[in-house]
Amino acid sequence: MKEESTLEQELHQICELCGREGVQTTRHHLTPKAKGGTHLPTARLCRSCHKQIHALYTNQDLITLGLTSVPALQADPEIARYLKWIRKQPATSVPRVRKSERVRS
Ligand SMILES: [Zn+2]
Ligand SMILES: [Zn+2]
């Protein structure tokens with residue numbers, strides 16, 4: 001099941017993880033919903049950061065490693081290495097993700 005069903009479409013948002021402005025953010029459940037985090041805090045992350053977190057860690061990893069807060073994520077060596085790189089990238093460099101489903105009219 002997909003974790004993010006809704007996308008925030010507001011302009012000029014700031015990613016809580018990398019701090020870049022003008023990015024489109026998505027909601028990340030700091031404690032995965034599958035692990036009981038439905039009503040726990042979320043963070044607004046740019047697509048790039050969000051993708052990176054879930055590419056590096058499974059929901060179980062996030063719990064086991066205690067990566068359930070933004071500061072904890074930022075302190076993680078793998079993510080810190082990624083952040084160092086992404087912060088040098090302009091917000092416009094985030095590749096557009098094409099919808100895989102055709103919109104039926
Ligand atoms: Zn980000
Ligand atoms: Zn997420």
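Me: Taking helices (H or I, at least four residues) and strands (E, at least two) as DSSP runs numbered from the N terminus, in what order do the elements of the chain run?

Reply: From the N terminus on, they go β-β-β-β-α-α-α-α, which comes to four helices and four strands. This is a predicted model, where local features need pLDDT of at least 70 and side-chain atom pairs count only at pLDDT 80 or more, while totals for chains, interfaces and linings use all residues. Residues are numbered from 1 along each chain as its sequence is written, and chains are lettered from A and ligands numbered from 1 in the order in which they are written.

Me: Thanks! How much of the chain is buried?

Reply: Buried residues are 23% of the 105 in the chain. Buried means 20 or more other C-beta atoms within 10 Å of the residue's own, exposed means 12 or fewer, and partly exposed lies in between, with C-beta atoms placed from the backbone.

Me: And which residues of H4 are buried?

Reply: Ile79, Leu83 and Ile86. They sit on the same side of H4, because they cover an arc of only 70° around the axis, taking the directions from the helix axis to the C-beta atoms. On the other side of H4, Pro77, Ala80, Arg81, Lys84 and Trp85 are exposed.

Me: What covers that buried side of H4?

Reply: The cover includes H1 and H3, counting a contact when C-beta atoms, placed from the backbone, lie within 7 Å.

Me: How do H1 and H4 pack, then?

Reply: Their axes are 11 Å apart, at an angle of about 155°. The axes are lines fitted to C-alpha atoms over the stretch in contact, and angles run from 0 to 180 degrees between N-to-C directions. H1 and H4 are therefore roughly antiparallel, a label for angles over 145 degrees. Ser48, Cys49, Gln52, Ile53 and Leu56 of H1 make the contact with Glu78, Ile79, Tyr82 and Ile86 of H4.

Me: What else do the buried residues of H1 pack against?

Reply: Besides H4 (77-86), there are strand S3 (25-29), strand S4 (42-46) and helix H3 (70-75). The H1 residues concerned are Ser48, Cys49, His50, Gln52 and Ile53.

Me: Switching to the largest nonpolar core: which residues have the most contacts inside it?

Reply: Cys15, Leu17, Cys18, Cys46 and Cys49, in a core of 14 residues. S4, H1 and H4 each supply at least two residues of this core, and H4 gives the most, with three. Such a core is a set of buried Ala, Val, Leu, Ile, Met, Phe, Trp, Tyr and Cys residues joined through C-beta atoms within 7 Å.

Me: What does cysteine 15 touch?

Reply: Not counting residues up to four places away in sequence, Cys15 touches Arg20, Val23, Thr25, Arg44, Leu45, Cys46 and Cys49.

Technical notes. Contact = placed C-beta atoms within 7 Å. Parallel < 35°, antiparallel > 145°, perpendicular 65-115°, else oblique.
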